[in-house]
Amino acid sequence: MTDEQPQIIPHLQRPESPQRPSKLAKFDGVDFSGDGEEEEEEAGEFAEKNMVPNPRIQRYLVAIEYLGTRFSGAQQQPTGRTVVGVLEDAFQKFIGQPVSIFCSSRTDAGVHALSNVCHVDIERTSKRKPGEVLPPHEPSVVKSAVNHFLQKNEGDMMVIDVKCVPADFHSRYKAQERTLLSGMEPLSTFEKNRAWHVPEELDILSMQKACQVLIGRHDFSSFRASACQAKSPIKTLDELSVTEVTSGTYFPSPAERKQSNYTTEGLVSIANKSETDSVTGNSVGEAIQGFGIRKRHRCIVVTARGRSFLYHQVRLLVGVLKSVGTGDLTVSDVERILEAKDIRTASPMAPAGGLYLGQVKYDLPSDI
């Protein structure tokens, strides 16, 4: 046993009792300070700067990935399994004391994350000499230890990165940009609750043209759910794109296995284009399948990037783009919906299971 006893102490000593915002606007299944974000960020940074830092603690920035299917959401709740609740439990088992986790983005039930970012404050003291402060744990130690306990709790969350940051670095207020992804695929058992299963063929070119109508600073009232608490529907959409990618749940086809021939001498590539073309179907990479072998299907990803979003904004945007792809709407219809500033004109929104928080961007100090 080590003589160390990591402990958690109040995350910063404040002049007064901390008061967090009573209401945080949600953006598309992710809780954030809607329009007025600049005001709240300034207020948050003012509060952080007016705290009295405790030199005994180390603040860690923690990036996590998770499948949202079995979570009731990210934020801690009185009942239900949550992302923050599971993460706090893993940290408590690691350091032996309760912790408080603060997330940059609060995803709703069923929404996944490729990278959500949180911060936590930890003090490391000696077991044998109570009160003796030891050097902070290395980020790699924190990552390994917390993942050890996360894998014992359903295994649907993992820490993917850890950094030491200054005591006033706030995972939410310091976020500069968030990227959301929504996937669309035909039905597959292996992708249940992980993509929007669309049986119709989609016209990607038309969907991409519709994206150009929506990029930029607009009044997105037509893409704003009624429960949205943002002060204004005006948002800036820095990117909205539609991309076809390779579906990822299939083993190599016979044609693909012929292209990569593993031998005892190593990997030998036999890229024979003429032979490959002769065994492929309607397009390159789509091998002719026998009975009982599932054909590869199209996988389409919609990417939305911006500082913040309105509640259900991205899911509503994806719903409209899907309707354009199926031919139910035209690019002109998308212009009309945007200008209407009325959610009743929009198509049904995409399901939560196909939505992913892809990235939270920060301007991290160069010395960390």
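Biologist: What does the accessible surface of the chain come to?
Modeller: The accessible surface is about 18,700 Å², and carbon and sulfur atoms hold 51% of that area (Shrake-Rupley method, 1.4 Å probe). The model is predicted, so local features need pLDDT of at least 70 and side-chain atom pairs pLDDT 80 or more, while totals for chains, interfaces and linings use all residues. Residues are numbered from 1 along each chain as its sequence is written, and side-chain values use heavy atoms, without hydrogens and water.

Biologist: How many helices and strands are there?
Modeller: The chain has eight helices and 17 strands (DSSP runs, H or I of at least four residues for helices and E of at least two for strands, numbered from the N terminus).

Biologist: At what angle do helix 2 and helix 3 pack?
Modeller: Helix 2 (residues 83–95) and helix 3 (residues 139–150) pack at about 115°, and their axes are 8 Å apart. Axes are lines fitted to C-alpha atoms over the stretch in contact, with angles from 0 to 180 degrees between N-to-C directions. Helix 2 is therefore roughly perpendicular to helix 3 (65 to 115 degrees).

Biologist: Which residues of helix 2 make the contact?
Modeller: Val86, Leu87, Ala90, Phe91, Lys93 and Phe94 do so (contact means heavy atoms within 4.5 Å). Helix 3 contributes Val141, Val142, Ala145, Val146, Phe149 and Leu150.

Biologist: New topic: is Arg315 buried or exposed?
Modeller: Arg315 counts as buried because its relative accessibility is 11% (buried is under 20% relative accessible area, 1.4 Å probe, protein chains only). Arg315 lies in helix 7 (residues 313–326).

Biologist: How far apart in space are Arg315 and Leu355?
Modeller: Their C-alpha atoms are 7.6 Å apart, although the two are 40 residues apart in sequence.

Definitions and conventions:
Angles under 35 degrees count as roughly parallel, over 145 as roughly antiparallel, 65 to 115 as roughly perpendicular and the rest as oblique. Buried means under 20% relative accessible area, exposed over 50%, partly exposed in between (1.4 Å probe, protein chains only).
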